Amino acid sequence: MNRKLKISVDILMTVSIILLMAYSLTGQLFHEIMGVAAFILFVLHHILNKNWYKTLAKGRYSKIRILMTVIDFTLFILILLLMGSGILMSRYVFSFLDIKRGMSVARQIHLVASYWGYILISFHIGMHWNIMLQAFNKIKSEALKKLLKIVSLIAALYGIYIFISHKIYEYMFLQTLFARSYEGNIFGFFIDYICLMTAFIFISYYICNFIIKNRRKYSSPKS
């Protein structure tokens, strides 16, 4: 039951994050409500994975573990920054706080944190992609497996194209203050951002595999 709940929370959190990136299509009110919902899911995710905190001071820190820990803590900080800056900019959900200062800085923090957060969440998923591969390996049809591999590869390549053509890096390094508008094309948005996430899941997964293979290579006994 706990495992199913974890998976359900993770799926809902991933969907909510994609929806949050669609601010120009969903509007301010929906964005704020979804932001609160995503933060609740984030808190629940950490409660369900509380054992991770208990093991932080235990065991040896391999390169993979260091990378995972750095990304997880960076994500933790980014989510807090997103929630804090979101509250400062709120026009609906937290309007009763009547905050009138820090809007400009909050907007910049929110923009940078949202794009870094999206990329690092994709990395985080990629680091745990073996769980998805277990389900993939249970598929009996080889033709379906090949099709899914081809579709995933195309999606990842298109995601890299989106990262470059939409200049996502400019938002990440605050080279621009205005996110791209999709002008009502919600289908195009979802295709682009799902593929963008797929690209960084692939990158993360293969980086981890590369590190693991090198570790085995250099740690294996010489004949």
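Predicted model: local features only at pLDDT ≥ 70, side-chain atom pairs only at ≥ 80, totals over all residues.
Begin by selecting helix H1, residues 2-20, together with helix H3, residues 28-48. The two pack at an angle of about 150 degrees, and their axes lie 9 Å apart. Angles over 145 degrees count as roughly antiparallel, and H1 and H3 are therefore described in that way. H1 passes H3 in a left-handed crossing.

Next, display the side chains at this contact. On H1, select Asn2, Leu5, Lys6, Val9, Asp10, Leu12, Met13, Ser16, Leu19 and Leu20. Colouring the contact of H1 with H3 by residue class gives 13 nonpolar, 5 polar and 2 charged residues.

Move on to helix H5, residues 63-89, and helix H6, residues 103-127. Here the packing angle is about 145 degrees, with the axes 8 Å apart. The crossing of H5 and H6 is left-handed. By class, their contact comprises 18 nonpolar, 7 polar and 2 charged residues.

Finally, turn to the cysteines. A search for disulfides across the whole structure returns 0. Select Cys195, whose relative accessibility is 10%. Residues under 20% relative accessible area count as buried, so Cys195 falls in that class. Cys208 is the last stop: with a relative accessible area of 6%, Cys208 is buried.

Methods: Residues numbered from 1 in each chain as written. Heavy atoms only, no water. Axes fitted to C-alpha atoms, helices over the stretch in contact; angles between N-to-C directions. Helix = DSSP H or I, 4+ residues; strand = E, 2+ residues; numbered from the N terminus. Parallel < 35°, antiparallel > 145°, perpendicular 65-115°, else oblique. Left-handed = near helix turned anticlockwise from the far one by under 90°. Contact = heavy atoms within 4.5 Å. Nonpolar A, V, L, I, M, F, W, Y, C, P; charged D, E, K, R; others polar. Disulfide = S-S within 2.5 Å. Buried < 20%, exposed > 50% of the residue type's maximum accessible area, 1.4 Å probe, protein only.
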